[in-house]
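Let's walk through the salt bridges of this structure together. Have the model open beside you as we go.

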Amino acid sequence: MNLPATSKIVPFQSADLQELAELSRKTFQQGFGHWYDPSILASYLQDSFSIPQLQTEIQDSSSRFWGVKVDSGWIAYAKLRSSKIPPELAGQKVIELQRMYVLQAYWGKGVAHILMNHCIEFAQKESFSHLWLGVWEDNDRAIRFYEKYGFSQIGKQQFKVSASLIEEDWVMAKQLSNT
């Protein structure tokens with residue numbers, strides 16, 4: 001399966017909240033559902049990807065959401081936010097790639113590359129010094145992908161899945177060239 005020529009990157013708007021919520025839940029479940037107890041997963045999906053939560057995030061001026069859309073609908077999305085700075089990058093103008101998820105049917109088809117390139121270009125255009133992210137330390141596929149883009153581990157942080165499940169994430173960063 002190749003991406004249709006009509007695929008495009010489009011900013012998510014408030015009118016897209018239902019589709020964003022469905023895409024968020026589905027892509028997270030496809031990527032991580034096999035790792036979690038079903039009740040913990042269901043709770044995380046509801047808390048993190050409810051329409052009110054996503055509405056708050058879309059309205060936050062420090063956040064940007066983009067999706068990849070094809071004729072059949074949304075197939076991936078990314079979220080950048082500039083409101084959180086890891087201690088390792090304190091004092092610098094940085095932006096976080098907080099989320100980047102692709103429907104499983106499009107894994108290995110170049111969609112993640114399209115989104116990553118878009119995020120890097122945006123961050124450079126806005127004169128951020130670094131693009132950073134948190135990635136679960138056991139997510140080898142994602143770590144390899146980020147390393148191909150020049151990200152390297154600079155620290156660790158915790159990721160709260162539930163009150164009873166807190167995971168260790170790598171903090172990875174990429175220095176940007178703002179030419």
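This is a predicted model: local features need pLDDT of at least 70, side-chain atom pairs count only at pLDDT 80 or more; totals for chains, interfaces and linings use all residues.

Glu-126 is partly exposed, at a relative accessible area of 33%, while Lys-125 is exposed, at 63%.

Salt bridges with shared partners also link Glu-57, Lys-79 and Arg-99 into one network. Searching the whole structure turns up 5 salt bridges.

Now turn to Glu-57 and Arg-99, two members of that network. Their side chains meet in a salt bridge, with an N to O distance of 2.7 Å. Glu-57 sits in helix 3 (residues 51-59) and Arg-99 in strand 4 (residues 94-102), so this pair ties together parts that are 42 residues apart in sequence. As for solvent, Glu-57 counts as buried because its relative accessibility is 8%, under the 20% limit. Arg-99 is buried too, with a relative accessible area of 7%.

Stay with strand 4 for the next stop, since Glu-96 lies there as well. The side chain of Glu-96 meets that of Arg-81 in a salt bridge of 2.6 Å, N to O. Arg-81 belongs to strand 3 (residues 73-81), so the contact ties together parts 15 residues apart in sequence. Are these two partners buried or exposed? Both Glu-96 and Arg-81 are buried.

Definitions and conventions:
Residues are numbered from 1 along each chain as its sequence is written. Side-chain values use heavy atoms; hydrogens and water are left out. A salt bridge is a side-chain nitrogen of Lys or Arg within 4 Å of a carboxyl oxygen of Asp or Glu. Helices (H or I, at least four residues) and strands (E, at least two) are DSSP runs, numbered from the N terminus. Buried means under 20% relative accessible area, exposed over 50%, partly exposed in between (1.4 Å probe, protein chains only).
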